[in-house]
Amino acid sequence: MVTNSVNSARLAELRKQLAVSNNGQGVHAYIVPADDPHMSEYAPDCYARRNFISNFTGSAGTVVVTGDKKLDLNLNLVVVDDWLAEHLPEGGSVGIDPFVHTVSSVKQLKQKLEAANKHLFPLLEGGTLVDTTLVPHLKGGNLVDKAANKHLVPLLEGGNLLDKAASKHLVPLLEGGNLVDKVWATERPSAPTSPVRIHPAEWAGETVSSKLERTRKEMKAGKAEVLLVTALDESPKGAFKWSELKDKDVDAAKLPAEGSALRDKDVDTAKPPAKVMAHLKANTVGLTSQGPANTGVFKPAKANTVGLTRAKVNYTVCASMQAMADIVLRHVNYAVYAAASEAVASAGKKRSREGDAPKATKFCVEHASPVSAFKALKNDSELAGMREAHLRDAVALCETLCWLDDEVAVGKVITEVEVDMYLTSRRAAQPGFYEPSFSTIAGSGPNGAIIHYRAKAETYSGGQYDCGTTDITRTMNFGTPSERHTLAYTRVLQGHIALDTATFPEGTTGMAIDTLARMFLWKDGLNYRHGTGHGVGAALNVHEGPQSISTRVCTTGLSARMVCSNEPGYYEDGNFGVRIENLMIIKEVDTPNRFGGISYLGFERLTLVPIQTKMMDSMILSEEEIAWVDGYHTSVWEAVSPRLAGNDRVLEWLKTSTRPLVEQQSL
């Protein structure tokens, strides 16, 4: 949301920076995303550059600042790549900070701009960057491939490396740092400094050494000697989950792998306390300083191949690592890409030692992260932790909804922020609560129609506990619902039930069952624009891949032990919104037959909070659907009521809210 009008003074100062960037040549436009260098879903405040420059606080969106005020869009919704290619002048240039753009996004934008004879400049300290898919190294003069008429030239060190003879090129630029940071200056928030903690072994269910052994097997199969992992939920971070450390501030950790290196990112070596350092040492985890442009991560490397995932690696790292690792590029920023390529080039070709991965025919191996696939399948301890987390969360939610009912009943006006603050306080009263798991979408009335709406304060929802992660949505009506409200709510509920009760063959993709959640809305010509379900981490990220349930193509098949959300909805702009969300564990189910000799799957519900029945139209619901509602509420009462012993008012509220549907609607 736009909290105020755009700050004209900040915008004017940023335009001055555009004019003098790229070694004084300037750029026509500058892209400001909401990402951090690790492509985290929820970036720390010090990376909220988009919010700072535009006052836009929504969860999704990118700001483009142009040097020409005539091109201002006033925050209209556009496809950034297409708009830039269409509206910039012939030969126009676009600047980016390569640390906060993935390799995939840079390459896609590059193609659009070059087709329109425009240029992209990733900006780094000291100049631009060179894409070493075209050039094998970054230093030593002009490194642009003269034979190519289209190329990417990021700048890393030594000044502007752009070949002036090229008619089309992509040049990520950032002389002296991010341009927004120059405007932000001393007002920019400091990086977080929360202490590192060790994830309890009780809920981890697997040792660090076992996880590393599994990962190295995948590396060897992929002919990669080094695995570059930059996504914070896949390597030590606020979830040092994969190595069983946790801290939301840690940038990275290096995990040596017998002479070569299995790396994540760098950890501030001055930060970890003695207990954590002992844990790292016991698990052969080394620490190194990240250094400029992430180059410190790669200095010790002695490998021929590096693996990465293109959509998770920033462009700087990739441009430097092109010859050295197995990289997962979807979440890798362009700056890391550059640093990695440089490190590999400087290391040169090394003789493979016996037992190491064999030499690869190409330096950079791109494929899906094995870590992502591993953590998607929860072990018994992680599943037990998720069940426990949802029971604790259910207590907090029931206390909050009871309080809200009581406050509204006596005529009090409660703001969205107050609801969130109260809910967070009740979660904090539960054992093992660390922090909210995501920013609250606490919208009422018209605000409820905004899919990713956030209340106008730093508010959060969802619980992060020592044992697991929760994510829940409930839609409440405290007045008299209209026929439109009731129809939409009931159709959403029917879709939720249809997905909850589905049975499907193992390996089925989420796209194949997404229709189940939408088909009742479709009957009335209604729909929703977001996905139906996403993966959820075990004491990790609230949104986790690689699986999803959505209309978007996803080739990852659903498997037992994955955790997914079930959250169909409906939204009318300026009017109201509906969503009902539970988390579920995918499990094997018994079927009379097993065609093809494969297993069949279904769901076990994790979320145990009453679903308000006021807007359920029992004339639309089938007998089976009504039985589902009653059965769900029975399970909620049986599981949660023992934990509310002694809290008579909330226990009374829970009893009323879990009575059979026909009884609740007769009150």
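## The largest nonpolar core

A nonpolar core is a set of buried Ala, Val, Leu, Ile, Met, Phe, Trp, Tyr and Cys residues that are joined through side-chain atoms within 4.5 Å. In this predicted model, the largest such core holds 39 residues, and among these L493, M616 and V640 touch the most other members. Several elements each supply at least two residues of the core, namely the helices α12 (380–409), α14 (483–500), α15 (510–523), α16 (623–640) and α17 (648–657), together with the strands β21 (569–572) and β22 (576–579). The largest share, seven residues, comes from α12.

Leaving aside the neighbours within four places in sequence, M616 is in contact with T486, Y489, T490, L493, I611, L621, V629, L661 and Q665. In soluble globular proteins, nonpolar side chains tend to be buried together.

## The chain as a whole

The chain has 18 helices and 24 strands, and of its 667 residues 56% count as buried. Among the contacts between residues at least 6 apart in sequence, 68% join residues that are at least 24 apart. The chain exposes about 27300 Å², and carbon and sulfur atoms supply 52% of this area.

## Aromatic pairs

When ring centres must lie within 6.5 Å to be paired, the count comes to six aromatic pairs.

Y570 and F576 form an aromatic pair that is tilted, with 6.1 Å from centre to centre and 55° between the planes. Y570 is buried, and F576 is buried as well.

## Charges over rings

Aromatic rings can also be viewed together with charged side chains, as two examples show. The charged end of R188 sits over the ring of Y47, at 5.5 Å from the ring's centre, while R518 lies over the face of Y528, at 3.9 Å from the ring centre.

Notes:
Residues numbered from 1 in each chain as written. Predicted model: local features only at pLDDT ≥ 70, side-chain atom pairs only at ≥ 80, totals over all residues. Heavy atoms only, no water. Phe/Tyr/Trp six-rings, centres within 6.5 Å; stacked < 30°, edge-to-face > 60°. Buried < 20%, exposed > 50% of the residue type's maximum accessible area, 1.4 Å probe, protein only. Lys NZ or Arg CZ within 6 Å of the ring centre and 35° of its normal. Helix = DSSP H or I, 4+ residues; strand = E, 2+ residues; numbered from the N terminus. Contact = heavy atoms within 4.5 Å. Areas by Shrake-Rupley, 256 points an atom, 1.4 Å probe, with all protein chains shown as cover.
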